[in-house]
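I opened this file to look up a few local features and to note each one in turn.

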Amino acid sequence: MNHQSQPLSSGRHSDKSLFDISIPIQSGMVQWPGDPPIQIETTLDVSKGDPATVRTLTLGSHTGTHVDAFSHFNPAKGSLDEMDLSPYLGKALVVSIPSVKEITGPLLEQSITGMLDLDIHALRGQRLLLKTKNSDTPWFKNAFNPEFCHLNPNCVPVLEKWGISLVGIDYLSVEGYDVNGAPTHHALIQAGIYILEGIYLGDIVPGWYELLCLPLKIHQGDGAMARAVLRAL
Ligand SMILES: [Zn+2]
């Protein structure tokens, strides 16, 4: 597999097979319209004589790179601390679906089956990360863009047919901005498919990886930030 440079210069990666696909959390960063603005303030500061440096974070539970618990839309389906961890860890296929604003079921099917050497049965129980036009630019540095690429709910029967355990998208939501009633979220939750949002795949070459992505354990969480990393296989 051919890899380009490290996707984000956030820290040192002594292990060259690791790719950080999380976005940095910082004050004033892009957020879903209506969610709380992200603010990070220094409360205690060693350089000002305090015994330690401690910052206060003010942010929503769906900030940056994060997962949605099923309870985000369906309280009967379980909050974050009740959800299985296994979909967050394991083999993941990164697939490129460039240019479009909306991924439909037929387009998803065509994009996957068009991948050379892919055994469709190998997808069963695995994760699917969608590299779209959103990753053409480091979107997390820009203001909210309502034209981001998202999933039509008719993708869900396709994902279900393949046995996908988790789907990831490279913007803040799997759902289109102007879509009423969150049909894609509801269909994914109904199908028991886990949701990872807010990743950045700009430097990631499509293909198989290992996904490592654990959300914070927030009591009765509706979602939580996660550090998402790909390991080359
Ligand atoms: Zn979310």
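My entries below concern a predicted model.

**Entry 1. Metal site**

I began with the zinc ion. I found it coordinated by H62 through ND1, H66 through NE2, D68 through OD and E197 through OE, at 1.9 to 2.3 Å. I then looked at how these donors are placed along the chain, and the spacing reads H-x3-H-x1-D-x128-E. I looked up the accessibility of both. H62 is buried at 12% relative accessibility, and E197 is buried at 2%.

Which geometry does the site of the zinc ion have? I noted it as irregular, with angles of 77 to 165 degrees among the four donor atoms. The tetrahedral class is ruled out because it requires all angles to lie between 85 and 135 degrees.

**Entry 2. Largest pocket**

I next turned to the largest pocket, which holds about 230 Å³ of space. I recorded 17 lining residues, and those nearest the centre of the pocket are W32, H72, F73, S173 and H185. Sorted by class, the lining has six nonpolar, seven polar and four charged residues.

**Entry 3. Salt bridges**

How many salt bridges does the structure hold? I recorded five, and I followed some of them through the chain.

R231 pairs with D15, with 3.6 Å between the closest N and O atoms. I noted both residues as partly exposed, R231 with a relative accessible area of 30% and D15 with one of 28%.

R227 forms a salt bridge with D20, at 2.8 Å from N to O. This pair also links distant parts of the chain, with R227 in strand β12 and D20 in strand β1, 207 residues apart. Is D20 buried or exposed? I found D20 buried, with a relative accessible area of 2%.

K161 and E109 form a salt bridge whose closest N and O atoms are 2.3 Å apart. Here the link runs between two helices: K161 is in α2 (residues 156–162) and E109 in α1 (residues 105–113), 52 residues apart. K161 is partly exposed, with a relative accessible area of 47%. E109 is partly exposed as well, with a relative accessible area of 27%. I also noted that salt bridges with shared partners join D15, E210 and R231 into one network.

**Entry 4. Backbone angles**

Most residues other than glycine have a negative phi. A182 is not a glycine, yet its phi is positive, at about 50 degrees. I placed A182 in the loop between β9 and α3, where A182 counts as buried at 9% relative accessibility.

Q220, also not a glycine, has a positive phi of about 55 degrees. I placed Q220 in the loop between β11 and β12. Q220 is exposed, with a relative accessible area of 58%.

**Entry 5. Distances across the chain**

Last, I looked up some C-alpha separations. G176 lies in the loop between β9 (166–169) and α3 (183–190) and is buried, with a relative accessible area of 4%. The C-alpha atoms of G176 and H150 are 5.4 Å apart, although 26 residues separate them along the chain.

Where does A122 lie? I found A122 in the loop between α1 and β7 (127–131), partly exposed at 28% relative accessibility. From A122 to K91 the C-alpha distance is 9.8 Å, across 31 residues in sequence.

W208 is in strand β11 (residues 207–215) and counts as buried at 17% relative accessibility. I recorded a C-alpha distance of 9.7 Å between W208 and R127, which are 81 residues apart in sequence.

Methods
Residues are numbered from 1 along each chain as its sequence is written. This is a predicted model: local features need pLDDT of at least 70, side-chain atom pairs count only at pLDDT 80 or more; totals for chains, interfaces and linings use all residues. Side-chain values use heavy atoms; hydrogens and water are left out. On a 1 Å grid over the protein atoms alone, a cavity is a set of points where a 1.4 Å probe fits but cannot get out, and a pocket is an open set with protein on both sides within 12 Å along at least five of seven lines; lining residues have an atom within 4 Å of a point. Grid points are joined across faces, edges and corners, and a volume is the space filled by probe spheres set on the points. Ala, Val, Leu, Ile, Met, Phe, Trp, Tyr, Cys and Pro count as nonpolar, Asp, Glu, Lys and Arg as charged, and the others, Gly among them, as polar. A salt bridge is a side-chain nitrogen of Lys or Arg within 4 Å of a carboxyl oxygen of Asp or Glu. Buried means under 20% relative accessible area, exposed over 50%, partly exposed in between (1.4 Å probe, protein chains only). Helices (H or I, at least four residues) and strands (E, at least two) are DSSP runs, numbered from the N terminus. Donors are N, O and S atoms within 2.8 Å of the metal (3.2 Å for Na, K and Ca); water is not among the atoms, so sites may look incomplete. Four donors count as tetrahedral if all angles lie between 85 and 135 degrees; four count as square planar and six as octahedral if opposite donors are over 155 degrees apart and all others between 65 and 115; anything else is irregular.
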